[in-house]
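The structure is shown first.

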Amino acid sequence: MSVNTDHIRVTHAGSLPRTPELIAANAAKETSGVTPEFLKLLEASVVDVVQRQKDLGIDIPNDGEYGHTMSSSVDYGAWWNYSFARLGGLEPTDVDRWADTQVRRSSPGNIVLTSFPDRRDRQAFNEAYNDPSSGILAHRKSVTQPKIAGPLTYTGQDLVASDIRNLKKGLAAAGLSDGFVASLSPGSCARVANEYYTSDEELVYACADAMREEYKAIIDAGLTVQLDDPSLAESWDQINPEPSLEDYLKFIQLRVEATNWALRDLPQEQIRLHVCWGSWHGPHTTDIPFADIIGSVLQVNAGAYSFEAANVRHEHEWRVWEDTKLPEGKAIIPGVVSHATNVVEHPDLVADRIVRFADVVGRENVIASTDCGLGGRVHPQIAFAKLEALGEGARRATSRLW
């Protein structure tokens, strides 16, 4: 991962708001299939959003994840659901895991993930989560998820090729060279309901083998792949009752090792890892502290590490870098703008956050970003205002650091 030489570079965590036309076209595609008109709209939309990112001060843009179908303007799961169209071995179900009420209990030495409604944060704030006026899960469209019923294979070659082609066209039109494409991590892929593999290890490595094809396609195209891996941090809240830290670290160690297996022989400088605690707008009181898992995170063979650092549950954790040495040649991509609030950050606050990290790990090793994807999480008008604040904040930080 190259270093900053004369300014703080800026990126973001992936998902950007889709236009109403693109959302409508995605819905129509479910019945009419992929048409030439859809492909033309998708390409034009990516070109437009890359230019918009450049205009707002983003140095390392992406395609907005526009090739990942978003079900509606409020969608917390498109980063994950997109993979269902790219994997063989899946079978449709009528289960929406956000609403699945099945309870699964873990025991010492035996961790299993429970259902989304049985998460410990949702149980602690049950009234708030079930009150539509709270805004936690309001206006989300129900989306079903499949189950694994046979050997996992990667079938998304044409789809990832489209992602790559559209982004490269957008980069060329905007006069930019660096870009990234988000892709599902093995550990997050393994959260699909499984009725085929007989062990957790077998499942996770099957996901690694399948998703490796997507990572390699993105890297071979000269782009950076971002592995979206909430499973390293977010899974903690999905284990009921709360496990011991020792058991949890063993649980995610398997995911770290499978990820490195998927990344074998691939250049670290074209790989970045995104870690987050989940994008829903809940209290997050049961999030695991970053300090508890940072050692595991840094074992992943990536050139840069993206993580939440702007929302009020995790902003204080910038201090973990006072006690954790950033490996030589690596960079951090801290979120300095949050996806979890409609309040648009002041550029001076953004600059303060950037400078704080630069003072600890070096100005050359900090790429400013968002906590998580903004698309489907905040209104488009607010999302792009946040990117504007991000770009301006990085400029102000640069003037203080150089």
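The secondary structure of this predicted model comprises 13 helices and nine strands. For a chain of 402 residues, a compact globule would have a radius of gyration near 21 Å, and the 20 Å found here agrees with that. Along the principal axes, the C-alpha atoms occupy a box of roughly 55 × 55 × 50 Å. Buried residues make up 59% of the chain. Of the contacts between residues at least 6 apart in sequence, 82% join residues at least 24 apart.

The chain carries 38 positive and 56 negative side chains, and the centres of the two sets are 2 Å apart. In the whole structure there are 21 salt bridges. Three of them are listed below.

| Salt bridge | Closest N to O distance |
|---|---|
| Lys 147 and Glu 91 | 3.6 Å |
| Arg 400 and Asp 352 | 2.8 Å |

Lys 147 belongs to strand S2 and Glu 91 to strand S1, so this pair ties together parts 56 residues apart in sequence. Lys 147 is buried at 18% relative accessible area, whereas Glu 91 is partly exposed at 36%.

Glu 242 sits in the loop between strand S5 and helix H9, and Arg 120 in helix H4, 122 residues apart. Arg 120 is buried, with a relative accessible area of 10%.

Arg 400 in helix H13 and Asp 352 in helix H12 are 48 residues apart. Arg 400 is partly exposed at 48%, and Asp 352 is partly exposed at 38%.

Salt bridges also link Arg 119, Arg 191, Glu 234 and Asp 237 in a network.

Conventions: Residues are numbered from 1 along each chain as its sequence is written. This is a predicted model: local features need pLDDT of at least 70, side-chain atom pairs count only at pLDDT 80 or more; totals for chains, interfaces and linings use all residues. Side-chain values use heavy atoms; hydrogens and water are left out. Helices (H or I, at least four residues) and strands (E, at least two) are DSSP runs, numbered from the N terminus. The radius of gyration is taken over C-alpha atoms; the globule rule is 2.2 Å times the number of residues to the power 0.38. Buried means under 20% relative accessible area, exposed over 50%, partly exposed in between (1.4 Å probe, protein chains only). Contact means heavy atoms within 4.5 Å. Lys and Arg count as positive and Asp and Glu as negative; His and the chain ends are not counted. The place of a charge is taken as NZ of Lys, CZ of Arg, CG of Asp or CD of Glu. A salt bridge is a side-chain nitrogen of Lys or Arg within 4 Å of a carboxyl oxygen of Asp or Glu.
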